[in-house]
Amino acid sequence: MTADAGRLNRATAAFGAAAAMVILFNTVLACVKDAYAPLLRFMNSIAGHNWTTQGLADLVLFFGLGLVLMRTGWTDKIHGQSLASWLAAAVVLAGVGLAAWYLLF
Amino acid sequence: MSRSGLLLCLWSAAAWAGPPFQTDDPEPIDFRHFEFYTFASSDGTPVETDAEGPALELNWGALPNVHLHIIVPAAVIFPSNDPRFAPSGAGPPAYGIGDIEMGIKLRFVQETKHRPMIGTFTMFELPTGNAARGLGVGSTWYKVPLWIQKSFGPWTTYGGAGETVFRNAPGYRNFPFAGWLVQRDLGKKVTLGTEAFYHGPEGPATPQTRPATLIDVGGYYKFRDPGFQLLFCYGHTAVGQKENYAYLGLYWTWGKEGDQRQGSGPGQGDAAIRSAERDRGIVMNVTASDAILLGHAAFGILGTLAALYVFAEALNARAENVARIRRGALAAAISMCVACVLGGIWYLRFYPAEKALILKGPWPMAHNLFMETKEHLFFATLILALYLPIAAADDLIGSVAARRLVLTVAVLVICTGLAIEGAGAVIDHGAKVALLRGHS
């Protein structure tokens, strides 16, 4: 594979990394708000329901983080194959983590 | 090549006024109430036909006498390519996201027996549409109107005027608009109205190059009053440049007052309506809850199928199908966004009653495990679906990594989408077995 064949443009790399981070953040937030009532109440107070607040937080973080990462040189180091693996790992962790949390706790 | 820009005369407001008509009204929705519309509309002249659809509109009663408004439209243009109008209306058809509309409606004079209500509905049109392709203006533009309204029993009349303002938008010119409408309730299910609507010349970059006054006829059919309605309107020029206007949409509203009027808890209003309609012998009884839930599931499946399409096309990515891959990715993102909005509305407004039923039944895990996991895992699917068009915009021919990334993201959308659909089926079955075993 040539160097170009493994390269991603900045937006792809930045928003891909942001997506992986937000998926993990979303999983952690779901568990933490469930375990910590003050956080749940706080999230309920922001948008009327904690689920709505969580969705808005995810979207803001995804687009915000993606835009910030685009402006850094860090994304130039990300290889496409690695990013695909991060995303797959994040989704598997999210699915298993959420199911385990609601099954066990 | 000159391109006409998308500049639909769309105005939005409460269910009793505004859509589907072009004239708006000063009446904001009630405090802490919401309105959601999904609609398609078209405005055509001999120069060009512009349409929006599907478009999503949300209004929120953020404060007493104030509501906030947003429309996110998909837009399409069909230039006539008629040499008589050159350089306007030239170029190929185009489709994509249009300019997003945000607005604030403010009522500053209340209606009394002898005095109309008066207010304004200032709009900010964000330049999200591609101006080079004719899908947007290319810079932020504004609508600044003043509206008044008065009701007399089943009759309502409203109207007003304003100015559309452009800044740094070559080919567009500021223009005035004005309209007046009369409508009447015809029984409990139907409201019909007619309006006269005028706009000035909007500039050589628009289809409305000359002024026109249209006569429009339209109304609402109330599946459920006021919760769920069909909106329709059609109009044609009476004076000025030949122009056609059409609107077709669905409307939902909900909020605290509606709960109190229809029942003390979520879902109880629906139950009362279902019971009454059963008594009247109506066999097919589709409520807002049913329509929203089915819409949620249908758009979820559409998003999953669109991701499958992207996967299949990306396996053999080449110059000929890159555009199709990108359109498929955009369709997946839009479908998942619609599924999320509809799912959110249903989850917050209607699910609490079903949840109580499930928890009392023999399958409480349908909520405790499947719904809890589904409602949070969906955000992962949504983020991935939103990311798919970004990844698909990369160089899919020259970069193997970009193509593999698109394939991976598409597979993840498909897998999580199917898992969520499966969880939905389990939740539905949890409610069903609770009902069948007499836990309602």
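**Chatting through chains A and B**

Student: Where does Pro20(B) sit?
Tutor: Pro20(B) is in the segment before strand 1 (33–44) of chain B. Keep in mind that this is a predicted model.

Student: What kind of peptide bond joins Pro19(B) and Pro20(B)?
Tutor: A cis one, with omega about 10 degrees. For background, most peptide bonds are trans.

Student: And what about the bond from Gly53(B) to Pro54(B)?
Tutor: That peptide bond is cis, and its omega is near -5 degrees.

Student: Which element holds Pro54(B)?
Tutor: Strand 2 of chain B, which covers residues 48–63.

Student: Where is Asn81(B) in the chain?
Tutor: Asn81(B) is in the loop of chain B that runs between strand 3 (66–79) and strand 4 (94–97).

Student: OK, Asn168(B) next. What's its phi?
Tutor: About 55 degrees, positive although Asn168(B) is not a glycine. The residue lies in the chain B loop between strand 8 (155–166) and strand 9 (175–186).

Student: Is Asn168(B) buried or exposed?
Tutor: Exposed, because Asn168(B) has 11 other C-beta atoms within 10 Å.

Student: New topic: how many residues of chain A are in contact with chain B?
Tutor: 37 residues of chain A, and they touch 31 residues of chain B.

Student: Which elements of chain A give two or more residues to that side?
Tutor: Helix 1 (10–35), helix 3 (50–70) and helix 4 (80–104) of chain A.

Student: Which gives the most?
Tutor: Helix 4 of chain A, with 13 residues on the side that touches chain B.

Student: How do the residues on that side of chain A divide up?
Tutor: Into 21 nonpolar, 13 polar and 3 charged.

Student: Last one, Ala312(B). Where is it?
Tutor: Ala312(B) is in helix 3 of chain B, residues 288–315. Ala312(B) counts as partly exposed, because 14 C-beta neighbours are inside 10 Å.

Student: How far apart are Ala312(B) and Ile325(B)?
Tutor: In sequence, 13 residues; in space, 9.0 Å from C-alpha to C-alpha.

Key: Residues numbered from 1 in each chain as written. Chains lettered and ligands numbered in written order. Predicted model: local features only at pLDDT ≥ 70, side-chain atom pairs only at ≥ 80, totals over all residues. Helix = DSSP H or I, 4+ residues; strand = E, 2+ residues; numbered from the N terminus. Buried ≥ 20, exposed ≤ 12 C-beta atoms within 10 Å, placed from the backbone. Contact = placed C-beta atoms within 7 Å. Nonpolar A, V, L, I, M, F, W, Y, C, P; charged D, E, K, R; others polar.
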